[in-house]
Amino acid sequence: MNAGAHLTPERRKLLMLSDARRIGEVQDDNFYIEYPASSKIIRVIENMLDVPRRTQAPCLMVKGDGGTGKTSIVNQLMKTPSLASRLVFVAMNVNPYSLRFNELIADALGVPSAAGGYGRSRKDLLPKELAEVIKLRNIRGIVIDEFHDAMLVPRPEQLKNLSLIKGLSNQIYGLSVIGFGTKEARNALSFDAQLSRRFYKIDLADWSETESFRSFLAGIEENLPLKKSSNLDGPEITGYLIEKTAGRMDQVVNLLKAAACYAIRTGEEKITIDILNDAVARPWSY
Ligand SMILES: Nc1ncnc2c1ncn2[C@@H]1O[C@H](COP(=O)(O)OP(=O)(O)OP(=O)(O)O)[C@@H](O)[C@H]1O
Ligand SMILES: [Mg+2]
């Protein structure tokens with residue numbers, strides 16, 4: 001039998017590694033499977049960045065519950081040079097110095113924002129050099145992951161952050177604001193109808209038993225370094241996964257990763273319903 005014929009050529013090479021190394025590869029977040037919702041979001045962003053500068057830049061809000069795959073899409077944007085070069089990235093949850101929203105934005109653009117002698121009056125939310133930097137570097141959009149964190153703050157700060165976002169999408173900066181967050185992000189936006197209207201809204205939904213889910217699973221299968229094919233996209237496993245995970249992205253992926261580790265350790269070399277049962281009951285006991 002041609003071991004690993006079901007794998008991508010790149011991943012097939014991993015079959016030569018020890019079991020322990022293969023398990024390491026499984027657990028690493030090292031593959032990304034495109035699916036229609038993620039490609040749609042990326043295409044929308046591409047098109048928004050291509051719009052000529054105008055009074056109000058088009059904005060996007062991607063809403064999804066925890067674990068629906070938001071940050072993974074942001075990571076794909078970062079890895080696409082033609083997009084990444086025109087974007088700045090801010091993650092509201094990665095904020096070790098507790099910077100304020102405006103400081104985070106300035107920081108992401110490499111403009112000093114900490115209190116210092118560059119003439120920022122108390123009311124100025126963003127440093128003056130920012131507009132210039134944005135123009136010089138041809139930045140067209142700002143991606144904000146965990147957008148809701150900028151909104152789950154006391155009301156006065158929330159209003160400040162909202163007006164900052166509005167400012168960024170206005171003429172001087174002209175940035176497309178691209179937010180990824182939970183429904184709290186979207187709710188907060190709706191306080192300002194004028195701002196909310198600038199945002200095109202896309203929801204990231206949980207998986208259901210669809211053709212897209214089956215091709216996503218086929219993509220996962222091509223990347224899990226197992227010697228035998230598991231037919232993850234067959235009706236039995238597809239139905240099982242939806243039942244056990246309610247279709248939530250991170251649960252589907254984590255369950256399959258745990259199952260792949262079981263498949264390696266037991267020598268079975270493919271994912272079966274029995275193995276999935278073990279992985280559901282004891283995900284870390286492989
Ligand atoms: N397209 C994909 N291909 C493969 N794995 C994926 C994909 N999208 C998401 N995952 C997996 O699902 C996990 C959760 O995804 P991610 O962290 O992107 O969700 P999130 O919506 O940002 O979650 P949170 O709300 O907790 O921040 C990731 O660690 C990754 O392993
Ligand atoms: Mg995330």
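Predicted model: local features only at pLDDT ≥ 70, side-chain atom pairs only at ≥ 80, totals over all residues.
Local features need pLDDT of at least 70 and side-chain atom pairs count only at pLDDT 80 or more, while totals for chains, interfaces and linings use all residues. Residues are numbered from 1 along each chain as its sequence is written, ligands are numbered from 1 in the order in which they are written, and side-chain values use heavy atoms, leaving out hydrogens and water.

The protein splits into domain 1 (9-30 + 223-281) and domain 2 (36-203), with bounds taken from an automatic or database domain assignment. Their C-alpha centres sit 36 Å apart. Both domains give residues to the shell around ligand 1, so the ligand lies between them.

That shell has 19 residues, with Asp29, Ile33, Lys70, Thr71 and Ser72 the closest; a residue is near the ligand if one of its heavy atoms lies within 4 Å of it. By class, seven are nonpolar, six polar and six charged; here Ala, Val, Leu, Ile, Met, Phe, Trp, Tyr, Cys and Pro count as nonpolar, Asp, Glu, Lys and Arg as charged, and the others, Gly among them, as polar.

Oxygen atoms of ligand 1 make polar contacts (N or O pairs within 3.5 Å) with a side-chain atom of threonine 71 at 2.8 Å, a backbone atom of glycine 67 at 2.9 Å and a side-chain atom of glutamate 146 at 3.1 Å. Taken alone, ligand 1 exposes 630 Å², and the protein buries 81% of that (Shrake-Rupley method, 1.4 Å probe).

How values were computed:
Polar contact = N/O pair within 3.5 Å; in protein donor to acceptor, adjacent residues only side chain to side chain.
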